[in-house]
Amino acid sequence: MSISHKQSYYPLIVFQIIIIASSNFLVQFPVHFFGLSTTWGAFTFPFIFLATDLTVRIYGATMARRIIFWAMFPALIVSYLITVGFRGAEWMGIEAFYSFSLFSARIVLASFSAYVVGQLMDISVFNRLRKRKEWWYAPLAAAIFGNLVDTYSFYYIAFYKTSDVYLSENLLELATIDYLFKILINSLFFLPLYKIILDKVAKRYMSR
């Protein structure tokens, strides 16, 4: 399948930054299912893995890595602005940026690090398995390992021995629940969506 990289290169970068921004905002809002708690960010962040897997499938791993490289620094800036500027749905005002917050800085560093290592893991796993006959095998395996690295990296960098006692003492439980929700959401919603988009793209370009 031969597609001009220029057609989707910059939109894919912008898409990743938007998803990171949305997830960093929505992670502040808890949601409860069957007595377990996660955040709305768990429902938006898997879009990044969907976009990355489709990029690897259509354009190849090299372009996918380039997109991660170009998206990660703007994403770092966006993460900082959102983390410092908002507490829940409340805008903290421009004064919030005048002082340094170690707590916010750790969250930003955690988001940045988890995004990079998680996406690189996703690309590596997907690229190794992309030629298997089962269409679902590569995206599911990539999501399992990519989200594993991403989720636990984020929680341990952000909250290990942090000043927030609850987050510090419960980070393993919170990370595990968050990870399981991501895999569940990916399996039920994003895996079928991946197949639908892939079929449409393949039909469009292979018919030319």
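A pocket is an open set of grid points, where a 1.4 Å probe fits, with protein on both sides within 12 Å along at least five of seven lines. In this predicted model, the largest pocket has a volume of about 820 Å³. Its lining comprises 32 residues, of which V27, Q28, T39, F154 and F159 are the closest to the pocket centre. Two or more lining residues are contributed by each of helix 1 (9-26), strand 2 (36-39), helix 2 (41-44), strand 3 (86-87), helix 5, helix 6 (137-159), helix 7 (165-169) and helix 8 (171-206). Classified by residue type, the lining contains 16 nonpolar, eleven polar and five charged residues.

Helix 5 (residues 102-129) also packs with helix 4 (residues 61-85), at an angle of about 160 degrees and with the axes 9 Å apart. Because angles over 145 degrees count as roughly antiparallel, helix 4 is assigned that orientation relative to helix 5. The crossing of the two helices is right-handed. On the side of helix 4, the contact involves A61, A64, R65, I68, A71, M72, F73, L76, S79, Y80, T83 and V84, while helix 5 supplies S104, I107, V108, S111, F112, Y115, V116, Q119, L120, I123 and N127. This contact is made up of 16 nonpolar, six polar and one charged residues.

Note on methods. Residues numbered from 1 in each chain as written. Predicted model: local features only at pLDDT ≥ 70, side-chain atom pairs only at ≥ 80, totals over all residues. Heavy atoms only, no water. Axes fitted to C-alpha atoms, helices over the stretch in contact; angles between N-to-C directions. Helix = DSSP H or I, 4+ residues; strand = E, 2+ residues; numbered from the N terminus. Parallel < 35°, antiparallel > 145°, perpendicular 65-115°, else oblique. Left-handed = near helix turned anticlockwise from the far one by under 90°. Contact = heavy atoms within 4.5 Å. Nonpolar A, V, L, I, M, F, W, Y, C, P; charged D, E, K, R; others polar. 1 Å grid on protein atoms, 1.4 Å probe; cavity = no way out; pocket = protein on both sides within 12 Å on 5 of 7 lines; lining within 4 Å. Points joined across faces, edges and corners; volume = space filled by probe spheres on them.
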